[in-house]
Amino acid sequence: MSTSRASKRSTRTNKPASRSKAKAVRASTARPAAPKLPSYDALPVRPGAPKGAAWGVFGDRDEVGTINLLTPQRVKAATASIRTGKVFALNLPIDVPSPPLFTRGAHRHTIKIFEGADFVLDDYLDNFYPQASSQWDALCHVKHPALGAYNGIPDREITGRGGTRLGIDNLARRGIAGRGVLADIGRHYQRVGKKINFLKPQSIPLEDLEATLVAQRSTLRTADILLIRIGWTEFYLSASRAVKEDLARDTVVPGIEGTERVARWIWNHHLAAVASDSPALEALPKAEGEDFLHFHMLAFFGMPIGEMWNLEGLAEDCARDGKYDFFITSAPLNIPGGVGSPPNAVAIK
């Protein structure tokens, strides 16, 4: 009897030690906490980096940038934005715009029938520009002409060939998933009596972006993917052939204000990425002396930019139910060293 009681006491006293050991093992294998993000005005954190550059924030060898903010915990939390299960594909057909903008070429699509097996089809593309339609800009797409590429990675390591750095393959291997928020500036302008001239490089002020979010009662969270609809897709699809040809010869597009104060706003909201239905996100062409938001986002923050996304169906549904957040996934093409890719993006509400 005494031996049995002693054995039981021994077992009881060992349980807390066992639990403590398990906790220690879990702690040792847990992912490190996400880095505390500095404010825009506290950048840079790396000595010698340009003012406002996030070089080193995610590591000195990092090539993914703000997509690092999409941690497993945040991705899981983002699924709370799925309420109805409605799915919205966000890619335009790869032959829209037509003719292509920004001097890009049109692809040729060939269907191949296998000889002796006419029930089997194959196909291939020639002259395919991955950024001719809906796209992600890879971090190598634009560098600052004087201060360089994201994280200070030298030009000799960014050649656009397989194995080189800052290519779209970095995002493709990682995958993109998280909470998305739509800012429907186009509909907000209709409500307040403002108009966008889609044939001019009209700059949409930061205040109008903020007013749109307030009117929608939309709150931004760390690691959100912000989608900005100005109505460009709706305009383009209804435009005449002559207008489309004029835009191909001389691409002029409206977009959000491309200034440092917008860059500060974007960084201080700690967004993972920003995409728009505009062909350039910001208004183009720039007047002499104007700032270029691409320098801030791609070269300084390491933040991918999405352009020419098809937001029409998603926007209609958001306007109908008043819910402007959703779960979003994107799987870019795994092009080694690639400068851009169709986003292959889907929003789930």
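**Exercise 1.** Is Glu257 buried or exposed? Determine also how Glu257 is paired with Arg261.

*Solution.* The model is a predicted one. Step 1: the relative accessible area of Glu257 is 10%. Step 2: buried means under 20%, so Glu257 is buried. Step 3: Glu257 forms a salt bridge with Arg261, and their closest N and O atoms are 2.7 Å apart. Step 4: Arg261 has 35% relative accessibility and therefore counts as partly exposed. Step 5: elsewhere, salt bridges with shared partners join Lys86, Asp317, Arg320, Asp321 and Lys349 into one network.

**Exercise 2.** Describe the salt bridge between Arg165 and Glu157, and classify both residues by accessibility.

*Solution.* Step 1: the two side chains meet at 2.9 Å, N to O. Step 2: Arg165 has a relative accessible area of 8%, so this residue is buried. Step 3: Glu157, at 23%, is partly exposed.

**Exercise 3.** Which parts of the chain are linked by the pair Glu260 and Lys51?

*Solution.* Step 1: the whole structure contains 24 salt bridges. Step 2: one of them is formed by the side chains of Glu260 and Lys51, at 2.8 Å from N to O. Step 3: Glu260 belongs to helix α8 (residues 260-268), whereas Lys51 lies in the loop between α1 (2-29) and α2 (72-78); the pair is 209 residues apart and links distant parts of the chain. Step 4: Glu260 is partly exposed at 28% relative accessible area, while Lys51 counts as exposed at 58%.

**Exercise 4.** In what order do the nine strands of the open sheet run, and which are the edge strands?

*Solution.* Step 1: the order is β1-β13-β11-β5-β7-β9-β10-β4-β12, with mixed pairing. Step 2: β1 (87-89) and β12 (340-341) each pair on one side only and are the edge strands. Step 3: within the sheet, β4 (residues 135-137) and β10 (residues 305-307) run antiparallel and are joined by three bridges. Step 4: Gln135 stands opposite Glu307 in β10. Step 5: helix α5 (residues 206-216) packs on the sheet and touches β5 (176-184) and β7 (225-229), its direction making about 95° with that of β5.

**Exercise 5.** Identify the nonpolar surface patch that contains Ile113, and locate this residue.

*Solution.* Step 1: Ile113 forms the patch with Ile111 and Leu121, and together they have about 320 Å² of accessible area. Step 2: Ile113 is in strand β2 (residues 108-114). Step 3: its relative accessibility is 53%, so Ile113 counts as exposed.

Terms used: Residues are numbered from 1 along each chain as its sequence is written. This is a predicted model: local features need pLDDT of at least 70, side-chain atom pairs count only at pLDDT 80 or more; totals for chains, interfaces and linings use all residues. Side-chain values use heavy atoms; hydrogens and water are left out. Patches are made of residues with over 30% relative accessible area and no salt bridge: like charges are joined within 9 Å, nonpolar side chains (Val, Leu, Ile, Met, Phe, Trp, Tyr) within 5 Å. Accessible areas come from the Shrake-Rupley method with a 1.4 Å probe; for residues, only the protein chains shown count as cover. A salt bridge is a side-chain nitrogen of Lys or Arg within 4 Å of a carboxyl oxygen of Asp or Glu. Helices (H or I, at least four residues) and strands (E, at least two) are DSSP runs, numbered from the N terminus. Buried means under 20% relative accessible area, exposed over 50%, partly exposed in between (1.4 Å probe, protein chains only). Two strands pair if DSSP finds at least two bridges between them. Contact means heavy atoms within 4.5 Å. Axes are lines fitted to C-alpha atoms, for helices over the stretch in contact, and angles run from 0 to 180 degrees between N-to-C directions.
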